[in-house]
Amino acid sequence: MFEINLGDVIITKKNHPCGSNNWECVRTGADIKLKCLNCGRIIMLDREDLKKRIKNIIKADKPNG
């Protein structure tokens, strides 16, 4: 199972209609809520569907403390 945390940037295989393929994870759970980093559109995908669409995951920096 792949691990996605809040703040991670997800790069998808196909571009969004706005031209970007970079998404920020804003909610996790049974469904994953993603925000487009170009136009701000928010979508929700189930984990299995998202797993098929992911090209790469850039992990968010964790603050020390």
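## Burial of N21

In this predicted model, N21 counts as buried because its relative accessibility is 18%; buried means under 20% relative accessible area, exposed over 50%, and partly exposed in between (1.4 Å probe, protein chains only). N21 lies in the loop between strand 1 (9–12) and strand 2 (22–27). Strands are DSSP runs of E with at least two residues, numbered from the N terminus.

Apart from neighbours within four places in sequence, N21 is in contact with I10, I11, T12, K14 and N15, where contact means heavy atoms within 4.5 Å.

An open sheet is formed by 5 strands in the order 4-3-2-1-5, with antiparallel pairing; two strands pair if DSSP finds at least two bridges between them. Strand 4 (42–46) and strand 5 (54–58) are at the edges, each with a single partner strand, so one side of each has no neighbour in the sheet.

Strand 1 and strand 2 run antiparallel and are joined by 3 bridges. Within strand 2, W23 is the bridge partner of I10.

## I54 in strand 5

I54 lies in strand 5 and counts as buried because its relative accessibility is 16%. Not counting residues up to four places away in sequence, I54 touches F2, I4, I10, I11 and K13. Between I54 and N38 there are 16 residues of separation in sequence and 17 Å in space, C-alpha to C-alpha.

## Basis of the values

Residues are numbered from 1 along each chain as its sequence is written, and side-chain values use heavy atoms, leaving out hydrogens and water. Local features need pLDDT of at least 70 and side-chain atom pairs count only at pLDDT 80 or more, whereas totals for chains, interfaces and linings use all residues.

Terms used: Helix = DSSP H or I, 4+ residues; strand = E, 2+ residues; numbered from the N terminus.
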